[in-house]
Amino acid sequence: MIGSRRLSSTVLWTAALLIAYLVSRLAALTVLPIFFDETGHIRWAIWISQGQKLDKPWQYGKGLQIFANALLFPWAHEHYLWASRAVAVLFGAGTLAATI
């Protein structure tokens, strides 16, 4: 047909893989209890979102995610754990997409 395009099977498989990843990760995101390191990362992100300065959080392995959480937390309202884990899922989806 003129003017119609068909998606390649690679694009469909990639989209299906990303959708399956997101569904499997976002379902029941807060069922597991909060982990010890998550409390520190969430606390740092809250402090950064309030304008406080931290001494090199990237030395603890999650600098970029902590700053991304700090951007999100003013809108998260009391759902900091869900928001923090959702950001981690998005970073994981980016990593998955980069490997394809």
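Start by selecting Asn69, which lies in helix H3 (residues 63-76), where helices are DSSP runs of H or I with at least four residues, numbered from the N terminus. Asn69 is buried, with a relative accessible area of 1%; buried means under 20% relative accessible area, exposed over 50% and partly exposed in between, for a 1.4 Å probe and protein chains only. Leaving aside neighbours within four places in sequence, Asn69 is in contact with Ala45, Ala83, Ser84 and Val87, contact being heavy atoms within 4.5 Å.

Before going on, note that this is a predicted model, in which local features need pLDDT of at least 70 and side-chain atom pairs count only at pLDDT 80 or more, while totals for chains, interfaces and linings use all residues. Residues are numbered from 1 along each chain as its sequence is written, and side-chain values use heavy atoms, with hydrogens and water left out.

Next, show H2 together with H3. The two helices pack at an angle of about 60°, with their axes 8 Å apart; axes are lines fitted to C-alpha atoms, for helices over the stretch in contact, and angles run from 0 to 180 degrees between N-to-C directions. H2 and H3 are therefore oblique to each other, given that angles under 35 degrees count as roughly parallel, over 145 as roughly antiparallel, 65 to 115 as roughly perpendicular and the rest as oblique. To display this contact, select His41, Ile42, Trp44, Ala45, Ile46, Ile48 and Ser49 of H2, along with Ile66, Phe67, Asn69, Ala70, Phe73 and Pro74 of H3. These residues of the contact of H2 with H3 divide into ten nonpolar, three polar and no charged, where Ala, Val, Leu, Ile, Met, Phe, Trp, Tyr, Cys and Pro count as nonpolar, Asp, Glu, Lys and Arg as charged, and the others, Gly among them, as polar.

Stay on Ser49, which lies in helix H2 and, at 30% relative accessibility, counts as partly exposed. Not counting residues up to four places away in sequence, Ser49 touches Ala70, Phe73 and Pro74. If you then draw a C-alpha to C-alpha distance from Ser49 to Val11, the two are 38 Å apart in space and 38 residues apart in sequence.

Now bring in H4. Helix H2 (residues 36-49) and helix H4 (residues 80-99) pack at an angle of about 100°, with their axes 11 Å apart, and H2 and H4 are therefore roughly perpendicular to each other. Here Glu38, Ile42 and Ile46 in H2 meet Tyr80, Leu81, Ser84 and Arg85 in H4; by class, this contact of H2 with H4 has four nonpolar, one polar and two charged residues.

Within that contact, select Glu38 and Arg85, which form a salt bridge whose closest N and O atoms are 2.8 Å apart; a salt bridge is a side-chain nitrogen of Lys or Arg within 4 Å of a carboxyl oxygen of Asp or Glu. A search of the whole structure finds one salt bridge. Glu38 lies in helix H2 and Arg85 in helix H4, so the pair ties together parts that are 47 residues apart in sequence. Glu38 is buried, with a relative accessible area of 14%, and Arg85 is buried as well, with a relative accessible area of 9%.

Finish with two loops. Ala28, in the loop between helix H1 (9-26) and H2, has a phi near 55°, a positive value in a residue other than glycine, and counts as exposed at 55% relative accessibility. In the loop between H3 and H4, select His77, which has a positive phi of about 50° although it is not a glycine; His77 is exposed, with a relative accessible area of 55%.
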